[in-house]
Structure formats: C-alpha cells, structure tokens
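Q: I would like to learn how to read cavities, pockets and ring pairs in a model. Can we go through them one by one?

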Amino acid sequence: MLLRVNAINDETPSIKTFELVDPEGLDLPVFTAGGHVDLTLPDGQVRQYSLCNAPAERQRYLLGVLRETNGRGGSRQMHERVAVGDLLPVSMPRNNFPLDGEATRHLLIAGGIGVTPLMAMAHRLRALGADFVLHYCTRDAAQTAFRDLISGDGMASRVRLHHDGGVPGSGLDVAALLATVVPGTHVYCCGPAGLMAAVKAASDHWPAGQIHFEHFAAPVGVAVLGGQDGFEVEIASTGAVYCVPPDCSILSVLLSEGVLVDSSCEAGVCGTCTTRYLSGEPDHRDFVLSNVEQREHVMVCVSRAKSARLVLDL
Ligand code: FES
C-alpha cells in the first residue's frame, strides 16, 4: 500500500507519532492488537513499526517512532526526512505478538517506545471490557508518550506509571509483580533489553505459554549468528545446493547466489524472512515463531541447521 502521512506529532522530545491514511480516504486493512507493518523509508530500507492506535479504527494507522541516535539510521530518517503529505510504501499488517484469546486477565509491561504495541492492546482490551493493567516504565514524565491518552477516561484506572529517573532497577519491581503465578493471567512485555531480561528472569517459573515478548532487537547475551559447523541448503524449485559456512547466515548465502528472500532486521525478530522448509532439521534461533510454526518454517537470517542439509521451499 502507498499511504499518506496525515499528521506528525511530538509525543516526547525523542518520540514522534505518524498518522498514516489511505490517500483516497478508504478504509485500511484490519489489524489486530500487537500487530505491525513494514514501512519502506525514503532511502529504500525497510523497518517494522507497531501499530499503536485502536484496532477498531479503520481510517488510520498510528506509528510511534523513537529517534535512536545509535541505531541504523531508520528512525533518524523518519524524524528528519518524512513530512506531512509524503506517500510511504507500507505492507499489510502482520502480528507476531497477539493477545491470547484464552486469557482471563492481561498484564501489559511496557518500557519506553515498547509501549506502542501495548497501547493497541490496551485499546482493544478496554473495548472488550477485559481485565487488564498496563505497567508503563519510562525515565520521567517528559519521556512518557501518550500522556493524554493514558490519563483519560477509561484508561487512567488501568495504567500504572513507573519512572526510574534513569537509574536501572529503581522503577517497576518486576520480580515482585511476577512472584506469584496467576492462572489465566497472560503477561505481555515490550521494551528495552534490560526490562525484557528482567521480565524473562522474573517469569521463569510461569508456564511459557502465558508469557509473551515482542523483541525490537535480539536479546542481550544471546548469540544469534554463526555456528560450529557449516551445512548445505537446497532450493527445492531448482535443486541448487549451496554451502553455508559457520560464519555466514543462510540469508547472506542465498542473496549472494541471487536467490531473493525478503529481509529486514536480520536479527530474528521481525519475521520478514520466514521461509518454509521441506526437509532437514533447523536450528531455530529466531524470537518470533511459535513451536508449532517452527515445524514448517525457519527464519533464514539467523537460524541454522542441525542436519547436514536443509531443503527450502523456494
Ligand atoms: S529479517 Fe527479520 S527475522 Fe529475519
């Protein structure tokens, strides 16, 4: 889709929201809470941005973008080069971080810009009249996005703000919050690596299916690239076989051989490079696919193979 930038607002000194609409005023494709779109930047790079408005709104997509000074440059382009009236290529919405339909209570834990998918969840859960709480961790009030929204009717009683003043560990007590496993409660977390790691550590005694993470980057301390051994990949449609050395990803080998596979994050967190495989045993290293999905699909940007050969449905 080619969508028009209808409005840009400063949420904080470093976070802007971008409202995207259909140029003809048509309804946009439905999205679900926790979903995101791939957006093509002015220089052609692709980035994923969570949709943070209410899924019931059909006339607009709202994206929140943190200007990251040490990032790969995507957020700087959004902040500096994108203007109201621009047309931007945007993918259909996808969702790697959905609400669990079986949950009886939802505990949303957001840090910084990680609040964006959780805002859409909060909108949806409020509309459903569901039982939920949003814990929103930021440095201080000035760095807190969506302040009007979260202090408004119907939301204020559901939101707990935690400011740490820039001192890690002095904000939300994640260990205390997750000390007791509550049947029916599902936990959703998105935020900086430190918060994600703290929630993961504090929820280790919870059933895995009740804890959900949305990663913007590979978790700290997790090696996603490289392997001990090389292996082969076979392209099912042509029978071509390529060797993947220990220090190369499947994706890089495919691209160097002219086999086109879409990719974006190259860190196993966005889902863009998902590829079906037909035989062989992958060594899954992504942070998106469920156990069920991993039986048929593999993220070729980070995953490797335990078998000598992996046959890809390409
Ligand atoms: S490119 Fe993002 S998961 Fe592979």
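A: We begin with the largest cavity, which is lined by Asn96, Phe213, Glu214, His215, Val269, Phe287 and Val288. Keep in mind that this is a predicted model.

Q: What volume does the largest cavity have, and how many cavities of 30 Å³ or more does the structure hold?
A: The volume of the largest cavity is about 40 Å³. The structure holds one cavity of 30 Å³ or more.

Q: How does the lining of the largest cavity divide by class?
A: Four of its lining residues are nonpolar, two are polar and one is charged.

Q: Which residues line the second largest pocket?
A: The lining is made of Asn9, Glu11, Thr17, Cys52, Asn53, Arg60, Leu62, His123, Phe146, Arg147, Asp148 and Leu149. The volume of this second largest pocket is about 250 Å³. By class, its lining has four nonpolar, four polar and four charged residues. Helix α3 (residues 147-150) supplies the largest share of that lining, three residues.

Q: How is a pair of aromatic rings described?
A: Two values are used, the distance of the centres and the angle of the planes. In this structure, a search of the whole model finds two aromatic pairs. One of them is formed by Phe31 and Tyr61, with 5.8 Å centre to centre and 85 degrees between the planes, and is edge-to-face. Phe31 sits in the loop between β2 (15-21) and β3 (36-40) and Tyr61 in strand β5 (residues 61-66), so that this pair links distant parts of the chain, 30 residues apart. Phe31 and Tyr61 are both buried.

Q: Why is the pair of Phe97 and Tyr188 edge-to-face?
A: Planes over 60 degrees apart count as edge-to-face. The planes of Phe97 and Tyr188 are at 75 degrees, with the ring centres 6.2 Å apart, so this pair is edge-to-face. The pair ties together parts that are 91 residues apart in sequence, because Phe97 lies in the loop between β6 (87-89) and β7 (105-111) and Tyr188 in strand β10 (residues 185-190).

Q: Are Phe97 and Tyr188 buried or exposed?
A: Phe97 counts as buried at 1% relative accessibility, and Tyr188 is buried with a relative accessible area of 0%.

Q: Where does Thr144 lie, and which residues is Thr144 in contact with beyond its neighbours within four places in sequence?
A: Thr144 is in the loop between β8 (132-138) and α3. With a relative accessible area of 0%, Thr144 is buried. Leaving aside those neighbours, its contacts are Glu11, Thr12, Tyr136, Thr138, Ile150, Leu161 and His163.

Q: Which residues are buried in helix α1 (residues 74-81), and what covers them?
A: Gly74, Ser75, Gln77, Met78 and His79 of α1 are buried. The cover over the buried residues of α1 includes β2, β3, β4 (46-50) and β5.

Definitions and conventions:
Residues are numbered from 1 along each chain as its sequence is written. This is a predicted model: local features need pLDDT of at least 70, side-chain atom pairs count only at pLDDT 80 or more; totals for chains, interfaces and linings use all residues. Side-chain values use heavy atoms; hydrogens and water are left out. Rings of Phe, Tyr and Trp (its six-membered ring) pair if their centres lie within 6.5 Å; planes under 30 degrees apart count as stacked, over 60 as edge-to-face and the rest as tilted. Helices (H or I, at least four residues) and strands (E, at least two) are DSSP runs, numbered from the N terminus. Buried means under 20% relative accessible area, exposed over 50%, partly exposed in between (1.4 Å probe, protein chains only). On a 1 Å grid over the protein atoms alone, a cavity is a set of points where a 1.4 Å probe fits but cannot get out, and a pocket is an open set with protein on both sides within 12 Å along at least five of seven lines; lining residues have an atom within 4 Å of a point. Grid points are joined across faces, edges and corners, and a volume is the space filled by probe spheres set on the points. Ala, Val, Leu, Ile, Met, Phe, Trp, Tyr, Cys and Pro count as nonpolar, Asp, Glu, Lys and Arg as charged, and the others, Gly among them, as polar. Contact means heavy atoms within 4.5 Å.
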